Amino acid sequence: MKFIDEYRDADRAQECARAIARSVTRPWTIMEVCGGQTHAIVKFGIDELLPRDITLVHGPGCPVCVTPLELIDKAIAIASKPGVIFCSFGDMLRVPGSHTDLLSVKASGGDVRMVYSPMDSVRLAREHRDRQVVFFAVGFETTAPANAMAAFQARREQLTNFSLLVSHALVPPAISTVLGAPHNRVQAFLAAGHVCAVMGYHQYEPLAREYRVPIVVTGFEPIDILQGIRRCVLQLEAGEAKVENQYARAVKREGNLPAQHMVREVFQVIDRKWRGIGVIPRSGFGLSPAYAEFDAERRFGVADYHADEPSECLSGLVLQGVRKPVDCPAFGTRCTPEHPLGATMVSNEGACAAYYRYRRQQEPHRSL
Amino acid sequence: MTSDVTAACPLPIGQYTHVLMAHGGGGRLMQQLIDQVFISAFSNPRLDERHDGAILDAQGRRFAFTTDSYVVRPLFFPGGDIGTLAVNGTVNDLAMCGARPRWLSAGFILEEGLPIETLERIVASMRQAAATAGVEIVTGDTKVVEKGKGDSLFVNTAGLGTIDHSMPIGPRHARIGDAILLNGDLGRHGMAIQSVRDGLEFEGPIESDCAPLADIVMGLIEAGIAVHCLRDLTRGGLAAGLNEIAATARIQIDIDESAVPVSEPVRGACEILGFDPLYVANEGRMIAFVPESDADRALAIMRALPVGDGACRIGSVLSDSPGLVTLKSRIGARRILDLLSGEQLPRIC
């Protein structure tokens, strides 16, 4: 299959890993920001091919993991209301709120539907004018254009029974947060290729300059990730700190301008709480004033929900790359995908779930 | 903000108090339901074998007995319908016990308002599938429920098969050193259903692999292959089948991902949805555990049959870590192949 097979070729992967090993002269710590990359690294065993001097740490780029607890509670409250059709991408349905999850709401009679595109929920609103249709608009910059398009289309069609529960996060402020933390040890980043396909990578250039870190825009297949790591290593060894684009087959420096235009039309940048981390200034999208009528939080009166997250698990430290999942005493014992203590164990792309699924017998990793 | 970062985490959800769809997904939640509700209530030596059917002794003869219910939506899908599924699914469960499938029952739960013509089409499919598999439908039952109390049509079939050999076949009999053989490419049934259920259009049609597997099993047994364990790869796919066998037999199973065939359309559809074909359901795929010395001969027998013409060897049984399934990834690294918690859910991005 084109664009897949050539990026999963065993010989090329081994060659790329050997090239990395030849380039390394001392230990380096590299963070992949995106949960999709974390998943690929663990699923394909990419880190096992790397020399011991390279440590990969897993960043805060799993949209399910960083969605704050109170937002899940809001989703559950809205989905439980009579007359509501609550639409979500599949992987949000299992995420626990304070007391329950959306799958349980569905089992108790709530009309919770899994959709593949936000436009499916717009169609539902069109077909069910007597019902309130709510779309759970979750994700990073990647999903923002399609979610914005749903709001844009609903406004154009005057679908007054449609609204969005928005939880959009932005990658560059999260990178700043990781780099600015006093315990930070991350020396280079793999930036998420699909986020950059939408937003471009010029936003990362000031970060690379300010913090003196290499940032390599990287795809999601094993060879992509190995090439991204190699470029990071070459920069680190040479004392360079610039933005490079490994994923040139999908990413341009300026990104996708029509998509960005749609995002600016519907959303504005806001302060946002990240599950397990806390509030990061100007790190999310909310609906702009022109689209306020499509805000489900206002429509259903759930805007002032607040939930305290008990400080039992290490997910905040895992999301910032300070701890590995296997460093947590609860990992694989008191915390499993069936009984998650934290969001990183719930989502398929969460670092803890990926470790549980693919390598739970591994010995605890040396801590950073 | 960086200095006041807290390591915080949500509350756990304990035991679910109601049934979720994931309890039927073939993953770990379903295993828990079976263990905690059914096995704990009904436990007996035949049930505790955890085979696709029960193996019964009666007056010196051995029989296999099994049952399965079919709730698939939509009723008709590319490559089959609920009727072909209801016959082949039960036929295959009998075959996996090493039995020759002989007799089936058919129970129908019909929802008020179901078009008779729809029912007739499904029954005609069942007649055809039974003839192909060489079984007779010898008893049945019909119930009608009020509109809204059923989803147009559910079918249950039970099956009885005869075991004309003395080989013990089952998960407990898988042995260290066994070769693991698969009869063809994975994931076609699950992705065929997914594509029609959700209105997803993929390049090239994906047809269900729904087919009877008894010919393969009878072929292996009649050729004197020392078959240790058989498993059809329905819900939860190859990963669930291997994990159940590894846990029951206390063995380590190791497979080579690049040896597992998946067709281009299925791979493409799985890539789009973020699914792993190793977890996708099949209705005409099985694995056989046979001694290394019989592996080549068994493969030749499988490949001589239409339903086994894509047969291949995907792995073997090791001893190091009992209960574990490991996989050599496409790029040559090794990892666990685990059970999923519930169903695979399409991901956000």
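**Reading the terms in chain B**

Analyst: What covers the buried residues of H4(B) includes strand S3 (76–77) and helix H7 (264–273) of chain B. This is a predicted model, in which local features need pLDDT of at least 70 and side-chain atom pairs count only at pLDDT 80 or more, while totals for chains, interfaces and linings use all residues. Residues are numbered from 1 along each chain as its sequence is written, and chains are lettered from A and ligands numbered from 1 in the order in which they are written.

User: What makes helix H4 of chain B largely enclosed by the rest of the structure?

Analyst: A residue is buried if 20 or more other C-beta atoms, placed from the backbone, lie within 10 Å of its own, exposed if 12 or fewer, and partly exposed in between. Seven of the ten residues of H4(B), which covers residues 188–197, are buried, so the helix is largely enclosed; among them are Arg188(B), Met191(B) and Ile193(B). Helices (H or I, at least four residues) and strands (E, at least two) are DSSP runs, numbered from the N terminus.

User: Why does Arg250(B) count as exposed?

Analyst: Arg250(B) has 12 C-beta neighbours inside 10 Å, and therefore counts as exposed, since the cut-off is 12 or fewer. Arg250(B) is found in the loop between helix H6 (237–249) and strand S10 (252–256) of chain B, and its phi is near 55 degrees, a positive value in a residue other than glycine.

User: Is Gln59(B) buried or exposed?

Analyst: Gln59(B) is exposed, because 4 other C-beta atoms lie within 10 Å. Gln59(B) sits in the loop between strand S1 (54–58) and S2 of chain B, and has a positive phi of about 50 degrees although it is not a glycine. Most residues other than glycine have a negative phi.

User: Why are H2(B) and H3(B) called roughly parallel?

Analyst: The axes of helix H2 (residues 82–95) and helix H3 (residues 116–133) of chain B come within 7 Å and cross at roughly 30 degrees. That makes H2(B) roughly parallel to H3(B), because angles under 35 degrees count as roughly parallel, over 145 as roughly antiparallel, 65 to 115 as roughly perpendicular and the rest as oblique. The axes are lines fitted to C-alpha atoms, for helices over the stretch in contact, and angles run from 0 to 180 degrees between N-to-C directions; two residues are in contact if their C-beta atoms, placed from the backbone, lie within 7 Å.
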